[in-house]
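Subject: Structure for your review

Hello,

Please find the structure below. My notes on its contacts, cores and domains follow.

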There are 2 protein chains.
Amino acid sequence: MTELSGTIQHYNLWVLLHHVSDIIFNARQTELMRYGIPGMQGEVLFAIKAIGNPATPAQISRLMFRRPHSVSGILIRMEKAGLVKRSKDLEKKNLVRVTLTEKGERAYRQVLKGRAVQRIVSSLSESERRRLRSLLETLRNKGLKELGLDPERVPYPKFV
Amino acid sequence: MTELSGTIQHYNLWVLLHHVSDIIFNARQTELMRYGIPGMQGEVLFAIKAIGNPATPAQISRLMFRRPHSVSGILIRMEKAGLVKRSKDLEKKNLVRVTLTEKGERAYRQVLKGRAVQRIVSSLSESERRRLRSLLETLRNKGLKELGLDPERVPYPKFV
């Protein structure tokens, strides 16, 4: 195997990973649209619940591995839609806290009912899912190190 | 296992998949930035080479599983940067063809030299990579069906 063909094989595997992640995201988005919730906003609802109410934009951004300014944009749109409330911390004025509104809580419960991800992931048996998790964890650890981050210190993406 | 905890476990696995895909994308982006190429533009260079010169925006969008208007935006920026040339098809005036410029070809060769993806993916052994590919293919097929698409007819994401 030449060096170049090695690179391309590795690259292809990552592209497949990216592609599958996009496919599931799209299936999820299609489903959320039926509830009138853009896909990314649905993920933010999950993230806030996972972090605990209230969450800071920085925590959400770290958990979702999205840039802070892109998370800020989503939060502004979600506030306009009445799903979250952003308020300044009483002690640290430059810290924003995000809480779900009543409408946000209702939206979260609807999002939870979505079954698209479950239907897709169920195409793997329980042992296949365990194997996939373990392979992904290896890539996660190596990838974070490549980014100069300590895998132990980056929040593990887990909702509940 | 209650129905809800089943949903959350499946959801968590997808979130991990998404997270790993983002981590590798970020590592790649950091590397491409050193060559002055935004990450997405690097992927488009690969896509055009994979499709063959010239490619249409629709082909790029299908291969990358990105919405046509987001691909259009990237192509406009790439044309401004002198990496691609967009031209109208002589026969079908409403069809745009995208070709790499000399500068685009040079950028592609630089992108190919990037080793971040290779270093990360090499954390798996050859048999682990085969296993991962097979698990991802199962998810891909089920996910595309969930989107109402025929997996046989959606281009398999493979560069070279």
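Two residues are in contact if their C-beta atoms, placed from the backbone, lie within 7 Å. Please keep in mind that this is a predicted model.

Domains of chain A. The chain splits into domain 1 (3-123) and domain 2 (124-160). Taken over C-alpha atoms, the centres of domain 1 of chain A and domain 2 of chain A are 18 Å apart. Six residues of domain 1 of chain A are in contact with six residues of domain 2 of chain A. On the domain 1 side, helix 2 (39-51) and helix 3 (57-64) of chain A each supply at least two of the touching residues. By class, that side has four nonpolar, one polar and one charged residues.

Chain interface. Between the chains, 52 residues of chain B are in contact with 52 residues of chain A. Helix 1 (3-34), helix 6 (116-121) and helix 7 (126-146) of chain B each give at least two residues to the chain B side, with the largest share, 22 residues, coming from helix 1 of chain B. The chain B side consists of 28 nonpolar, 14 polar and ten charged residues.

Cores. The largest nonpolar core has 40 residues, and A:Trp14, A:Val20, A:Ile24, B:Trp14, B:Val20 and B:Ile24 have the most contacts inside it. Helix 1, helix 6 and helix 7 of chain A and of chain B each give two or more residues to this core. Because domain 1 and domain 2 of chain A both give residues to this core, it lies between them. Leaving aside neighbours within four places in sequence, A:Trp14 is in contact with B:Ile24, B:Val117 and B:Val121. Another core, of 22 residues, lies apart from the largest one and includes A:Ile37, A:Leu63, A:Met64 and A:Ile74.

Regards

Conventions:
Residues are numbered from 1 along each chain as its sequence is written. Chains are lettered from A and ligands numbered from 1 in the order in which they are written. This is a predicted model: local features need pLDDT of at least 70, side-chain atom pairs count only at pLDDT 80 or more; totals for chains, interfaces and linings use all residues. Helices (H or I, at least four residues) and strands (E, at least two) are DSSP runs, numbered from the N terminus. Ala, Val, Leu, Ile, Met, Phe, Trp, Tyr, Cys and Pro count as nonpolar, Asp, Glu, Lys and Arg as charged, and the others, Gly among them, as polar. A nonpolar core is a set of buried Ala, Val, Leu, Ile, Met, Phe, Trp, Tyr and Cys residues joined through C-beta atoms within 7 Å. A residue is buried if 20 or more other C-beta atoms lie within 10 Å of its own, exposed if 12 or fewer, and partly exposed in between; C-beta atoms are placed from the backbone. Domain bounds come from an automatic or database domain assignment.
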